[in-house]
There are 2 protein chains.
Amino acid sequence: MKKSLGAKTIVYPTPVFIVGTYDKNEKPDVMAAAWGGISCSQPPCVSISLQKQRYTLKNIVEREAFTISIPSEEYVAESDYFGIVSGKDEDKFLESGLTHVKSKIVDAPYVKEFPLILECKLVHTVDLGRHTQFTGEIMDVKVDEKATDTNGLPDITKIKPFTFDPAGMAYYGIGNNLGPAFNIGKKIKKQ
Amino acid sequence: MKKSLGAKTIVYPTPVFIVGTYDKNEKPDVMAAAWGGISCSQPPCVSISLQKQRYTLKNIVEREAFTISIPSEEYVAESDYFGIVSGKDEDKFLESGLTHVKSKIVDAPYVKEFPLILECKLVHTVDLGRHTQFTGEIMDVKVDEKATDTNGLPDITKIKPFTFDPAGMAYYGIGNNLGPAFNIGKKIKKQ
């Protein structure tokens, strides 16, 4: 039996994207964004949504670029911190002890210690209400060499990403491999 | 040391949204979409991106509505199947044995057996290239009563959602609780 919860923003899984930008004084900043996801395969794009008062929002509008750094489990406290305070009030790199690296491809910094990086150039903006959605073309993906599989691609079991639970307000790691995509459903396919 | 992978659509976590629509003959259909996420808090919105040739794309344009059903781990094969075949060729509800329910709120069906449902009215469309991004206002969220916590909200450990790994092409369950959101980062916050 299903019950109605009303109009809410609850869905699974929800990401923890650490969005990196520069402000007009070249100060690097990062924030945690849970509203977003890949939005196009060709050109490869990712969309993120930010509240209007966000320091990062102004930075993206001015610099037309951002990065997304995907944290591993060991950085869950730092990632949460990035979502609690504003870059207006604190130097988040200084306080967290993490390292900003200037992208050579887009006008934005990323987090050196995080295993997976997307470098994005702003291509589309839409005002949806409380949030503005920014779509960035993914110009490059960078991965820690030690977090790759035998094909040289990111290995999720080494990246150890985590997910935000917007109902229970907690972070969860990634669990067991449930089977191969575009494959385990074949047994159901009409013969 | 980081290595460059080029412009790719790899990010974690990536969802498995089962998108429900009716076609012009009232035939219910579902497809699996991995490109998407919540995109606004007020009004509550979720965005999904579909390739242009998708049967579902035409349905959303015509009916201006869709649902997102979140599958639990036990339905990973059915969910994969929904992404392998087209509603043009097969009746996916018939073949999978799952049950379609007509939403009372929007002009679209959802999957009865799946524990969490979002019912959405189309509010914004943008062509990003190979994919068209549809943003729906979430009119209601429905949850299985047996999958709720003591507050009556969805319990992620009972919902048992899973994630798609776009690098390793596999599905993964949700793992351990890593700590409370908007809380565990406070220890880093400047005093």
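Student: Which residue stands opposite Asn177(A) in E12(B)?

Tutor: Strands, like helices, are DSSP runs numbered from the N terminus, a strand (E) having at least two residues and a helix (H or I) at least four. Two strands pair if DSSP finds at least two bridges between them. Here, Asn177(A) faces Tyr172(B) in E12(B), and Tyr172(A) in turn faces Asn177(B). Strand E12 of chain A and strand E12 of chain B, residues 170-180, run antiparallel and are joined by seven bridges. This is a predicted model, in which local features need pLDDT of at least 70, side-chain atom pairs count only at pLDDT 80 or more, and totals for chains, interfaces and linings use all residues. Residues are numbered from 1 along each chain as its sequence is written, while chains are lettered from A and ligands numbered from 1 in the order in which they are written.

Student: Which strand of chain B is joined to E12(B) by four bridges?

Tutor: That strand is E11(B), residues 162-165, which runs antiparallel to E12(B). Phe164(B) is opposite Tyr171(B). The two strands make a hairpin with four residues between them, and Met169(B), in the turn, has a positive phi of about 50 degrees.

Student: What rotation superposes chain A on chain B?

Tutor: Two copies of a chain are related by a rotation about an axis and a shift along it. Here the rotation is 180 degrees with 0.0 Å of shift along the axis, and the RMSD is 0.0 Å. That is the relation of a two-fold axis. In chain A, the C-alpha nearest the axis belongs to Gly175(A), at 1.9 Å. Both copies use the same surface, as 100% of the contact residues of chain A recur in chain B. The superposition is by least squares on the C-alpha atoms of residues with pLDDT of at least 70 in both copies.

Student: Is Ile138(A) buried or exposed?

Tutor: A residue is buried if 20 or more other C-beta atoms lie within 10 Å of its own, exposed if 12 or fewer, and partly exposed in between, with C-beta atoms placed from the backbone. Ile138(A) is buried because it has 24 C-beta neighbours inside 10 Å. It lies in strand E10 of chain A. Leaving out residues up to four places away in sequence, its contacts include Pro44(A), Leu118(A), Ala7(B) and Lys8(B).

Student: Which residues of helix H1 of chain A are buried?

Tutor: In H1(A), residues 55-63, they are Thr56(A), Leu57(A), Asn59(A) and Ile60(A). Seen down the helix axis, they fall within an arc of 165 degrees, so they line one face; the arc is that of the directions from the axis to the C-beta atoms. Just after H1(A), Glu64(A) has a positive phi of about 55 degrees.

Technical notes
Two residues are in contact if their C-beta atoms, placed from the backbone, lie within 7 Å.
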